[in-house]
Amino acid sequence: MIKKVILGALLIGTAIVGKAQNKIAEHDIEGKMKWFEEAKLGIFIHAGIYSVADVSESWSFHNGTISVDDYMKQQNGYTLSKYDPAAWAEMIKDCGARYCVITTKHHDGVAMYNTKVGKLSAVKTCAAKKDMIKPFFEELRKREVKCGAYFSLIDWTHNDYPGYLKNKERYDIKKEPARWERFQKFFQGQIKEISDAFNPDLWWFDGDWEHSAEEWQAEKTRNMILEKNANTIINGRLQGYGDYDTPEQNFPVVRPAFKWWELCMTMNENWGYRVSDNNWKTPYEIITIFVDAVSNGGNLLLDIGPKPDGTYPEPVVSTLKELGDWNKRNGEGIFGTIPGIPQGHYYGPTTLSKDSKTLFLFVHGKTSGQVLLKGIDNKIQDITVLGSNVKLTHKVVGKISWSSVPGLVYIDLPETAIDKYVTCIKVTLDAPIKLYRGKGGFLTN
């Protein structure tokens, strides 16, 4: 992962900004993005040799906190001795995720599959001697979970890549264009073999900030992927040739301008496994972040890092179970919904059914009492709590007989009906939701 968000020109609605506009317009963007838009939840897996020595993924040697030699020695401890791709896939399915993205190669250049193009891999140079990606994708697809391939464009250990350490370059590509051309063929060769072997539903690129779109041959790279599978989705880190936005770690306060977006966020402080990192987000924190992302029209791509033996820390397993149980109780308000109503009508996350006849209100924490809803110009037919089907009562306050301005709706939420993390209230309306957006008073407009 990158340490800061660096975004290229991305899709706004169904149009793309930049040189890729005409090429991308040839494909059915709306159609291929449908599953992504409805997925809501994905799991991000940073698997790599960096999990051995309690160091950050790739950045540790790039920034000089560990030598390159010591970093690469981690290959000897990367055993995957307890790797169970079926168990991984089952855990991901059970938490409610509709897609999963896994590192095929991080910035350190060590591929997690049996690359024929590169020299470093979990198969050829690691103690594991096994391909992680092939069996994992097979297990995900058995469970109808979409498969995403993370791929680092940069490769800090490849002799033909100009970047090396934070304060050191191997060469200037303007002075040695043939060397850079060899690297272009190399990374494109790896992309081709991943496409041919695994046919990812989604490509999650990283590292594009070090070179321009022209230097990455971004348009050629995109076209090569789409020639294999025109329905493949590409994230926004291909210098303007991607399909959706990917804010990282930092939650947007307001809904991003792009039609499709995804918040990628770690479960603790690091992308890969580090034994010293115990600053885990609680199930409550993750669920509230998830709900906020969905209510703003986005997805959550929640990252987890496996240990070098292929198992997961207990907090990962238990938190994903809690997330899955919450989704089983409240999934109707998440999956198959569209973004909810503007703040001011309700002070919290909301979603709507696709026909806009059902409004879902999310109440954070163990909050009970009266829930306020404003400016709803509909008749309420029914109010229940998801997960328990407890029926709630409500009353309308301040409705003036001679005015068309709606009154305030107070919903009674008893303590006995609340969820232990986030409560989802289902409000069934008489017609597609109609919001009053006026200033009140004598004038009704």
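This is a predicted model: local features need pLDDT of at least 70, side-chain atom pairs count only at pLDDT 80 or more; totals for chains, interfaces and linings use all residues.
Colleague: What makes the protein a two-domain structure here?

Modeller: The protein is divided into domain 1 (26-333) and domain 2 (350-429), and their centres, taken over C-alpha atoms, are separated by 39 Å.

Colleague: How do you know that domain 1 and domain 2 are in contact?

Modeller: Contact requires heavy atoms within 4.5 Å. On that basis, 16 residues of domain 1 are in contact with 15 residues of domain 2.

Colleague: Why is an area quoted for the interface?

Modeller: The accessible area lost when the parts come together is often used to give the size of an interface. Between domain 1 and domain 2 the buried area is about 1,400 Å², with 56% of it given by carbon and sulfur atoms. In domain 1, Tyr-284, Arg-329 and Glu-332 lose the most area to domain 2, together 35% of what that side buries.

Colleague: Why is the pairing of Lys-426 and Glu-332 called a salt bridge?

Modeller: The term requires a side-chain nitrogen of Lys or Arg within 4 Å of a carboxyl oxygen of Asp or Glu. The N to O distance between the side chains of Lys-426 and Glu-332 is 2.8 Å, so the pair qualifies. The count between domain 1 and domain 2 is 4 salt bridges.

Colleague: Which polar contacts and helices mark this interface?

Modeller: Between the domains, 8 residue pairs are in polar contact. On the side of domain 1 that touches domain 2, helix 3 (34-39), helix 11 (283-295) and helix 12 (314-330) each supply at least two residues. Helix 11 provides the largest share, 8 residues. The residues of that side divide into 6 nonpolar, 4 polar and 6 charged.

Technical notes
Residues are numbered from 1 along each chain as its sequence is written. Side-chain values use heavy atoms; hydrogens and water are left out. Domain bounds come from an automatic or database domain assignment. Buried area is the accessible area (1.4 Å probe) that two parts lose on being put together, summed over both. A polar contact is a pair of N or O atoms within 3.5 Å; within protein, one must be able to donate a hydrogen and the other to accept it, and residues adjacent in sequence count only if both atoms are side-chain atoms. Helices (H or I, at least four residues) and strands (E, at least two) are DSSP runs, numbered from the N terminus. Ala, Val, Leu, Ile, Met, Phe, Trp, Tyr, Cys and Pro count as nonpolar, Asp, Glu, Lys and Arg as charged, and the others, Gly among them, as polar.
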